[in-house]
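Biologist: Please take a close look at the aromatic pairing in this model. I would like one connected account, with the surroundings included.

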Amino acid sequence: ALPRFGDFRVLAACDHFTPLELKTHTDAPIPFVIYGQPSLERQASGGLTYTEKNAASTGRLVDPGAALSRLLFGSEK
């Protein structure tokens with residue numbers, strides 16, 4: 001239903017990385033996905049499922065993490 005309301009973007013991300021084998025938080029980069037309109041096709045990662053392994057395989061790192069908001073709001077240069 002979101003497209004009926006015009007431009008939108010949705011960000012899904014965890015607040016910290018917690019590998020199952022360690023069972024505790026780490027400072028590793030977190031996976032994220034942004035979906036919405038207007039399209040972010042130029043940044044698409046090939047339709048991968050949302051997993052830590054697939055996120056790492058893209059080679060995309062947003063550092064500092066606060067820069068993620070520029071991606072969400074479409075102002076990345």
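Predicted model: local features only at pLDDT ≥ 70, side-chain atom pairs only at ≥ 80, totals over all residues.

Modeller: Searching the whole structure turns up one aromatic pair. Its members are Phe-8 and Tyr-35.

Where do the two residues sit? Phe-8 belongs to strand β1, residues 8–13. Tyr-35 belongs to strand β2, residues 32–37. The pair therefore ties together parts that lie 27 residues apart in sequence.

Now the exposure of each partner. Phe-8 has a relative accessible area of 11%. That is under the 20% cut-off, so Phe-8 is buried. Tyr-35 reaches 54% relative accessibility. That is over 50%, so Tyr-35 counts as exposed.

There is also a nonpolar patch on the surface, made of Leu-2, Phe-5 and Val-10. Together these residues have about 310 Å² of accessible area. Leu-2 comes from the segment before β1. Its relative accessibility is 41%, so Leu-2 counts as partly exposed.

Finally, the setting. The protein chain has two helices and two strands. Their order along the sequence is β-β-α-α. Of its 77 residues, 18% count as buried. Among contacts with a separation of 6 or more, 48% join residues 24 or more positions apart. The accessible surface of the protein chain is about 6100 Å², and carbon and sulfur atoms hold 57% of it.

Conventions. Residues numbered from 1 in each chain as written. Heavy atoms only, no water. Phe/Tyr/Trp six-rings, centres within 6.5 Å; stacked < 30°, edge-to-face > 60°. Helix = DSSP H or I, 4+ residues; strand = E, 2+ residues; numbered from the N terminus. Buried < 20%, exposed > 50% of the residue type's maximum accessible area, 1.4 Å probe, protein only. Patch = residues over 30% accessible without salt bridge, like charges linked within 9 Å, V, L, I, M, F, W, Y side chains within 5 Å. Areas by Shrake-Rupley, 256 points an atom, 1.4 Å probe, with all protein chains shown as cover. Salt bridge = Lys/Arg side-chain N within 4 Å of Asp/Glu carboxyl O. Contact = heavy atoms within 4.5 Å.
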